Amino acid sequence: MDLSAINPAVLFASLIVAATPILLAGLGELVVEKAGVLNLGVEGMMIVGAICGFAVAVGTGSPFLGFVAGAVGGALLSLIFAVLTQYLLANQVATGLALTLFGLGFSALIGQGYVGIKPPPVSALTFGPLSDIPLLGTILLRHDAMVYLALLAVPGLWWAINRTRMGLILRAVGENHDAAHALGYKVVHIRLAAIVFGGAMAGLGGAYLSLIRVPLWTEGMTAGAGWIALALVVFASWKPGRLLLGAWLFGGITVLQLNLQAAGARVPVEYLSMSPYVITIVVLVVMSARGGRAAGAPAALGRSFHATH
Amino acid sequence: MIRLEKRPTPSRFWTAATPVLAVIATMVAGGLMFAALGKDPLEAIRTIFWDPLFHPQFAGYSRPQLLVKAGPLILIAIGLSLGFRAGVWNIGAEGQYIIGAICGAAVGLAFYPAAGWYIFPLMVIAGALGGFVWAMIPGILRTRFNTSEILVSLLLVYVAQALLASVALGVLRNPQGGGFPGSRNLAQYPAAANLELIPGTGMHWGVVAAFIAVIASFVLLQRHILGFNIRLSGQAPRAARFAGVSPTALVLTCLGVSGVLAGMAGLFEAAGPSGKISIDFASGYGFTAIIVAFLGRLNPVGILLAGLLMALTYIGGELAQFMLGLPKASIQAFQGMLLFFLLALDLTSNYRLRLAKREVA
């Protein structure tokens, strides 16, 4: 095995790229769960976002329109979840699963004609001479716009959740929907908005996978990224800053195992490729062993709201 | 303005009627989807739901397939339904199915080429144990560390798939297979084969096990204290605790039973219809079984019917692929749609819809 082939600066740079899809999807799910809704359909929304973004980007030649389409696709799928759980009071766990199963089939259906096509390339932003700074320039300043958008979304969401009136209402709905309802807030409308936001973010994450990270369309290409994003939210104790940390951790493991595979490590490839999932489980265990409520789970998470008055 | 009024107890009529309505709604929506794909919707629906059973040319082949496909679906769904009733969400049955198949097949291959009546039963036990162990991981993590069994069981599916690839290319690879991945064909090894019991019906040991599971689960839920405790924990967790039901034991029981059944389903598949452990052995039965469990209203008899219906869509889907050129994925989307309609219509069994004038808030 030749470890010297692995350049740490390039490794860090690709770690940031690998973390972006799960970061985007995880941030979206964080907002949804802050509103007290558990949407297990992240995987489905991501893959629908991936194919919608890919199809539109290939069709129009514009990656920007592709990302817009990815967000719209994810949001439309999440709207099904929103109507079922908020208006028809369906079980959130079952509906989320249905969303994932449907999304996987539906995306494969749309994506039939797109296998083997290359999407239009996305150029990296350049910061002039800054991008040529050794180490720092390579790691941080040679990425595409989506990476920076995802990074900016972290402090943005922290501020929105913790420092604005909107965030306060969102948290109130997620902690105690009956009290929020009694105060006159439209619980169902607020949750609907949160779910659609989560869907759009998951769709963006999916589009990032198919347009930049891979960049190709294959059936089932998300390969559990949506589930890892769900686990990240628990890992992050519902805090955006920690979510970034978690996304980088998992991005790091993914990139490292790919590099080890390429470097010809003596561990079989299958064991390397299962490592991100195993480590996700281990981290989940460590986090949940410290106690669910204390870890910051919204109190009304996963409970249906039905106004009787 | 429609107002919802919670029913004191779920309506029995609507509980039975919603799956039927959901199937009809899915046929309509699916027909629209097929029309959008440029296919004749009526012909597509007929090919999926009617031709596998009654087509003069293909029915002879596809009728036995109904039981072959329904067997694992029913077996897995029965196990899942117990957990779903108690609020224990094992959504990683696909992983338990794979591990069961690997363990069971490994035992069979270890005996190759010996003959003996005991080999197949040992394989079944190994398959059940494999599924059990794989399901105990989320079970123990949930009861010991309060980790979400939903995420752990699902993530373990990906681990199981990687293990499957590893053994198909490694320890279980057929030494006489010319270097191709995949194990020896168990279906051609008489002591280990899970053969058709009655020729022309598709009935193999997995289907027998599925029928036994349906009956056992029916008796369990109706007549046994454990079944009562499972139902109680799902409907009123606090009351269940006061009644002395141990949540830990219940979680472990539910996950254990579903793991055993999923593992057995995997072994029956590996030793019978599939015949061998290969990279593409996993066929998604573990996920489709979730739809079967809900479509069957978590009720054993309902699951039996739902499993047969879902098997029909699998076979009809293959037929539609072959005859109409419908993509394989459209059936998956179709099955997902069915679950949506079912969940949406569920409202009618728990709530009464009342037309009301808009009240002043």
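Colleague: Which helices are included in what covers the buried residues of α2(B)?
Modeller: This is a predicted model, so to speak: local features need pLDDT of at least 70, side-chain atom pairs count only at pLDDT 80 or more, totals for chains, interfaces and linings use all residues, and side-chain values use heavy atoms, without hydrogens and water. Residues are numbered from 1 along each chain as its sequence is written, while chains are lettered from A and ligands numbered from 1 in written order. Helices here are DSSP runs (H or I, at least four residues), numbered from the N terminus. Contact means heavy atoms within 4.5 Å, and the cover in chain B includes α1 (12–36), α3 (51–54), α13 (300–324) and α14 (329–345).

Colleague: And which residues of α2(B) are buried?
Modeller: Buried means under 20% relative accessible area (1.4 Å probe, protein chains only). In α2 of chain B, residues 41–49, that picks out Ala44(B), Ile45(B), Thr47(B), Ile48(B) and Phe49(B).

Colleague: How many salt bridges cross the interface of chain A and chain B?
Modeller: The contact takes 44 residues from chain A and 39 from chain B. A salt bridge needs a side-chain nitrogen of Lys or Arg within 4 Å of a carboxyl oxygen of Asp or Glu. Across this interface, the rule's count is zero.

Colleague: Which element gives the largest share of the side of chain A that touches chain B?
Modeller: Elements giving two or more residues to that side are α3 (63–87), α4 (92–111), α10 (225–235) and α12 (269–289) of chain A. The largest share is 13 residues, and it comes from α4(A).

Technical notes:
Buried < 20%, exposed > 50% of the residue type's maximum accessible area, 1.4 Å probe, protein only.
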